[in-house]
Amino acid sequence: MQYRTIKFNHGVLKLIDQRKLPLELRYYEARNYKEVESAIASMVIRGAPAIGAAAAYGVYLAAFEYRDLPRETFLAKVLEADTELAKARPTAVNLSWAIKKMERVLDNNQNETIDTILTALLNEADKIAEQDIETNMAMARYGNEIVPEKAAILTHCNAGALATVDYGTALGVIRKAHYSGKKITVYADETRPRLQGARLTAFELVEEGIPATLIADSAAATLLRDGKIDLVLVGADRIAANGDTANKIGTYMLSEIASKYRIPFYIVAPTSTIDFNISSGEEIAIEERSPEEITKIQGVRIAPEGINVYNPAFDVTPAENITGIITEKGIIHPPLAAGINSLKNEKGVMKN
Ligand code: MRU
């Protein structure tokens, strides 16, 4: 994308404010960890890899804020801030993955001077951000191998540059296929309630001139049944050891229909989205968000006062509906549990 989702300059974390897109492109500025926590919780920044990278800078900002305290208090206060940041959103495991990476650096440097600790933390946050882009590029290369020369691709929510530091996961594969000359067209689900498809995915696709059509979520089943879709590509927020995958609400429904009509259904996610500690999707905490996301659209009330609302932000797609998981280490094919298990033993993959 033309604009980077996350930037850190001179002590200020700049995040594209995704609540305002596509009408306004504006950066939200966080100067301390509480502002980072609030940006994640209020979805200024969203998407699993993006919230991980933002939280890493949040840990650095906490350390900077507490730099003048006695060492023991400093370390305790940073860990306290980490706990708060980790609670900002419960489903995407990239959040705790990034915070744990930062805590490891803190731990390894705890006897160093505070200045050395701060430098090490900032370097680690920068590394997490830069590696996210490299990881996305690697996923795009692997993913492009399964995209036919001519294909209609369905995607859900936003797994693009805006959901990462840059380039994207599922949308990264789409970008790569497009720029490598394949004749692809994208169907983007609008993705109620927060409309990440209509507001963010459509924004990215239009900006880059990638042929795309926006559909209501409820139109996807008809397209899948009628042979209009060759491939489904979506991102992930947490993948269990058996391959069960949490992603934006509505993903499970798509996977059931794709599976019924034998349409390839791939998850595109970095290994940092795999939670090796949980055996199945039943253990994934599903975030429930405010009823107002359902009773209102962009702040305008559409449902009567007094109606009950159920608003889970994610659902779990069972492993058996997934054709493969495209990671930066390669594509995991079924049985997914075996592929995930061999990754677990691989050097260079940090376990959550
Ligand atoms: O609630 P959101 O917008 O943070 O949900 C985002 C998704 O569900 C994405 O598909 C997922 O995080 C993968 S992003 C590369």
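Modeller: Two residues are in contact when heavy atoms of theirs lie within 4.5 Å. Please keep in mind that this is a predicted model.

Biologist: What makes up the contact between domain 1 and domain 2?

Modeller: The chain is divided into domain 1 (6-136) and domain 2 (139-344). By the contact rule, 28 residues of domain 1 touch 34 residues of domain 2. The centres of domain 1 and domain 2, taken over C-alpha atoms, are 25 Å apart.

Biologist: How much area is buried between domain 1 and domain 2, and what share do carbon and sulfur atoms give?

Modeller: About 2700 Å² is buried between these domains, and carbon and sulfur atoms give 55% of this area. On the side of domain 1, Arg 46, Thr 91 and Asn 136 supply 25% of the area buried against domain 2, more than any other three residues.

Biologist: Why is the pair of Glu 287 and Arg 89 called a salt bridge?

Modeller: The closest N and O atoms of Glu 287 and Arg 89 are 2.8 Å apart. The cut-off is 4 Å between a side-chain nitrogen of Lys or Arg and a carboxyl oxygen of Asp or Glu, so a pair within that limit is called a salt bridge. The rule finds one salt bridge across the interface of domain 1 and domain 2, along with 20 residue pairs in polar contact.

Biologist: Which helix gives the most to the side of domain 1 that touches domain 2?

Modeller: Helix α5 does, with five residues. At least two residues each come from α2 (48-65), α4 (94-108) and α5 (114-144). The residues of this side divide into 17 nonpolar, seven polar and four charged.

Biologist: What makes Cys 157 and Thr 191 worth a remark?

Modeller: Cys 157 has a positive phi of about 60 degrees, and Thr 191 has a positive phi of about 70 degrees, although neither is a glycine. Most residues other than glycine have a negative phi. Cys 157 is in the loop between β4 (150-155) and α6 (170-179), and Thr 191 is in the loop between β5 (183-189) and α7 (196-208).

Biologist: How do you know whether Cys 157 is buried or exposed?

Modeller: Buried means under 20% relative accessible area. Cys 157 has 7% relative accessibility and therefore counts as buried. Thr 191, at 0%, is buried as well.

Biologist: Where is Pro 22 found, and what kind of peptide bond joins Leu 21 and Pro 22?

Modeller: Pro 22 is in the loop between β2 (12-16) and β3 (27-30). The bond from Leu 21 is cis, with omega about 5 degrees.

Notes. Residues are numbered from 1 along each chain as its sequence is written. This is a predicted model: local features need pLDDT of at least 70, side-chain atom pairs count only at pLDDT 80 or more; totals for chains, interfaces and linings use all residues. Side-chain values use heavy atoms; hydrogens and water are left out. Domain bounds come from an automatic or database domain assignment. Buried area is the accessible area (1.4 Å probe) that two parts lose on being put together, summed over both. A polar contact is a pair of N or O atoms within 3.5 Å; within protein, one must be able to donate a hydrogen and the other to accept it, and residues adjacent in sequence count only if both atoms are side-chain atoms. Helices (H or I, at least four residues) and strands (E, at least two) are DSSP runs, numbered from the N terminus. Ala, Val, Leu, Ile, Met, Phe, Trp, Tyr, Cys and Pro count as nonpolar, Asp, Glu, Lys and Arg as charged, and the others, Gly among them, as polar. Buried means under 20% relative accessible area, exposed over 50%, partly exposed in between (1.4 Å probe, protein chains only).
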